[in-house]
Amino acid sequence: MAAVNPTDDKALRAIDAAVADVARLTGPATLDDTYMRAVERVEAMPENQSGADKTWVHEALRQFQEHFRRARRR
Amino acid sequence: MDAFLDLIRVLRQRGVRFVVMGVAGTNYYAQAARVIFTTQDYDLFLPPDPDNLLSTWNACEAAGLSLWTESEPLDIPRDRWLAEQIVKRRALIRATDRRGFDVDLSLVMAGFDFETVWGERRVFIADGVDIPVARLRHIVESKAAAGRDKDRLFLATHAEALRDLLGREEPPSQ
């Protein structure tokens, strides 16, 4: 196997550091049945099936972002 | 102009396999603007496939985004060898316009493998662009599995939003 040159080695160490950061988890959270039933109800809605037009979601996000961009401290 | 839709359009044109996950994914299931989570951070879940990853990087660059790992630019040449190393490590790469628009290119979705999520994805449409999105159930379960503070905060907020949305007939207590 060919040796890894110093530049690649630096890059791979940076990548390993990023992976270790992702791996620092605090343990799973619990999902209660009521919440998951609500999630299922939302998923089952006709407007949440494949093919639904969600252009309005992007428009709403654009408006939010524009609103916050214009915000000034009084 | 919508940078995220521009990127999705290029990814689709190049045949890249991905699904939108995370907070941005949940927004597609919102029923009203008041339950949308404002975010400029997007998360894409990719399969552990070096060729697909290379195509993703090329698409990001074509969309005017630079690629970073941790706090350093992703090494050049961005070739198959590098893609294999990233896949092997399941490392996170961030595509950014460096003006606040960030897209995390993730090979990990806690608790799930790509094919399961891909097989049950929804394909929504915005401005004529097809957007593959993970199931809401998968996004929520993945956030619970990750269990970071920000995931717990999201889950509590999302449960509250659903309670409002569904008329409080079944109050979630998450």
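**Backbone features, cores and a pocket**

With a relative accessibility of 39%, R90(B) counts as partly exposed in this predicted model. The backbone at R90(B) deserves a moment's attention, for phi there is positive, at about 50°, although R90(B) is not a glycine. In chain B, R90(B) sits in the loop that runs between helix 4 and strand 5 (93–96). A positive phi of about 50° also occurs at D127(B), which is likewise not a glycine. The setting of D127(B) is the loop between strand 7 (122–126) and strand 8 (129–133) of chain B. The relative accessible area of D127(B) is 40%, so D127(B) is classed as partly exposed. As background, most residues other than glycine have a negative phi, and most peptide bonds are trans. The peptide bond between I76(B) and P77(B) is cis, with omega about 5°. P77(B) belongs to the loop between strand 4 (72–73) and helix 4 (80–89) of chain B.

Attention now turns to the nonpolar side chains. In soluble globular proteins, such side chains tend to be buried together. The largest nonpolar core in the model holds 67 residues, and the members that touch the most others are Y35(A), V20(B), W57(B), I86(B), L105(B) and I131(B). Helix 1 of chain B (residues 3–13) provides the largest share of this core, with six residues. Another core, of ten residues, lies apart from it and includes M21(B), M109(B), A134(B) and I139(B).

What is W57(B) in contact with, once neighbours within four places in sequence are left aside? The partners are L67(B), L74(B), R78(B), D79(B), L82(B), A83(B), I86(B), I93(B) and L105(B). Of these partners, I86(B) and L105(B) are named with W57(B) among the core members that touch the most others.

Which elements each supply at least two residues of the lining? They are helix 3 (55–70) of chain A and helix 1 of chain B, and helix 3 of chain A gives the most, with six residues. Sorted by class, the lining of the second largest pocket consists of nine nonpolar, seven charged and five polar residues.

Definitions and conventions
Residues numbered from 1 in each chain as written. Chains lettered and ligands numbered in written order. Predicted model: local features only at pLDDT ≥ 70, side-chain atom pairs only at ≥ 80, totals over all residues. Heavy atoms only, no water. Helix = DSSP H or I, 4+ residues; strand = E, 2+ residues; numbered from the N terminus. Buried < 20%, exposed > 50% of the residue type's maximum accessible area, 1.4 Å probe, protein only. Core = buried A, V, L, I, M, F, W, Y, C linked by side-chain atoms within 4.5 Å. Contact = heavy atoms within 4.5 Å. Nonpolar A, V, L, I, M, F, W, Y, C, P; charged D, E, K, R; others polar.
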